[in-house]
Amino acid sequence: MQGFWADKRVTVTGGAGFLGKHLVKRLERMGAKVFVPRRADYNLTALDACMKCLLEHPCDILIHAAAYYGGIGINVTQPASLYYTNLVMGANLFEAARLTKTGKVVAIGTACSYPGYLEGHLKEEDLWAGPCHASVVNYGLTKKMLAVQAQAYKRQYGLDSIHLILTNLYGPGDSYNPERSHVVAALVRKWVEAEAAQAPSVEVWGTGKPIREFIYVEDCADAILLAAERYNDATMPLNIGTGVGTSIRELAETVHDVTGFRGKLVWNTDKPDGALMKVLDVARLTAVLDGWTAPTNLRDGLAKTVAWYRAHKEEADAKW
Ligand code: GDP
């Protein structure tokens with residue numbers, strides 16, 4: 001096997017999760033030697049477990065894709081768990097990576113780290129141009145700290161790393177638990193269940209006005225691995241997205257079309273809207289990946305997601 005990943009030792013935290021599974025599948029296909037630490041063996045919120053993981057499985061590249069995360073709902077109910085878990089896990093993994101002389105860290109960040117009150121597409125240079133949106137500050141700031149840590153560790157220890165900022169992911173294997181899910185999974189579940197129950201209507205949160213960007217999980221995994229191969233600037237994060245904004249109303253209407261449910265759509269404005277707009281600027285990504293753009297459009301991605309959810313409903317609902 002030839003190519004960048006052939007015979008590379010790659011550890012993927014979160015490798016059994018929604019995004020991680022797709023990274024692992026691709027890495028194995030490209031000939032990498034992949035290790036996925038499981039929580040029962042390595043609780044990565046503790047430094048000694050991070051050290052044990054990287055000493056027992058030394059790697060050329062550490063992809064930190066593990067996160068305790070969720071949609072706007074869990075940000076209201078579990079701000080402290082989001083804060084503590086993600087902050088200490090990231091900090092300890094970076095520290096263990098430099099102590100064990102790991103070749104390169106690929107930190108998976110989030111668009112929630114961006115200032116929450118800017119207008120227009122979010123550019124990497126704007127990461128520090130204002131406060132995170134109050135609805136996601138506990139998660140967003142912890143991931144943002146990884147970008148700070150990356151620069152500090154490069155300067156003091158010479159540790160190579162990159163910080164990838166992901167937009168909203170969706171697809172098969174996501175969390176479909178309404179307390180935790182992001183909007184796409186939440187709507188897919190609501191629509192499929194409403195159809196099965198012949199319900200007269202479905203409820204959607206907020207006003208429908210916020211604009212979000214959605215990337216199909218498989219496209220995102222492709223982009224991450226290309227970026228890990230080609231991008232090396234520890235001082236500048238790299239956005240991973242489609243650059244395409246869609247209003248929540250448009251999203252709901254597309255899910256409506258794709259599922260075939262014909263009931264009414266009811267907006268619950270007691271639920272939060274969150275940031276008004278969260279769409280990434282992808283100019284740097286396109287340049288780094290030689291013109292790459294996400295191949296799956298929203299309608300096709302939603303159709304695949306709905307088909308998967310229908311076929312795996314029991315398993316999907318039981319998870320997380
Ligand atoms: P965000 O991107 O961090 O704000 O997280 P979400 O994906 O949870 O929410 C995106 C937008 O979808 C917000 O404006 C929500 O109010 C809206 N939304 C509409 N219906 C739902 C729903 O049933 N669940 C969730 N999580 N969001 C919803």
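Helices (H or I, at least four residues) and strands (E, at least two) are DSSP runs, numbered from the N terminus. The model is predicted: local features need pLDDT of at least 70, side-chain atom pairs count only at pLDDT 80 or more, and totals for chains, interfaces and linings use all residues. Residue numbers start from 1 along each chain as its sequence is written, and side-chain values use heavy atoms, with hydrogens and water left out.

**View 1. Asparagine 86 in helix H4.** Helix H4 spans residues 79-99 and contains asparagine 86. Asparagine 86 has 4% relative accessibility and therefore counts as buried (under 20% relative accessible area, 1.4 Å probe, protein chains only). A polar atom of the asparagine 86 side chain lies 2.7 Å from the backbone oxygen of tyrosine 68.

**View 2. The shell around the ligand.** The ligand has 18 residues around it, and Ile72, Lys190, Arg212, Pro272 and Asp273 come nearest (a residue is near a molecule if one of its heavy atoms lies within 4 Å of it). Helix H6 (183-197) and strand E7 (201-205) each supply at least two residues of this shell; the largest share, four residues, comes from H6.

**View 3. Polar atoms facing the ligand.** A polar backbone atom of isoleucine 72 is 2.8 Å from an oxygen atom of the ligand. For asparagine 168, an N or O atom in the side chain is 3.2 Å from a ligand oxygen atom. A nitrogen atom of the ligand is 2.9 Å from a polar backbone atom of tryptophan 205.

Conventions:
Polar contact = N/O pair within 3.5 Å; in protein donor to acceptor, adjacent residues only side chain to side chain. Buried < 20%, exposed > 50% of the residue type's maximum accessible area, 1.4 Å probe, protein only.
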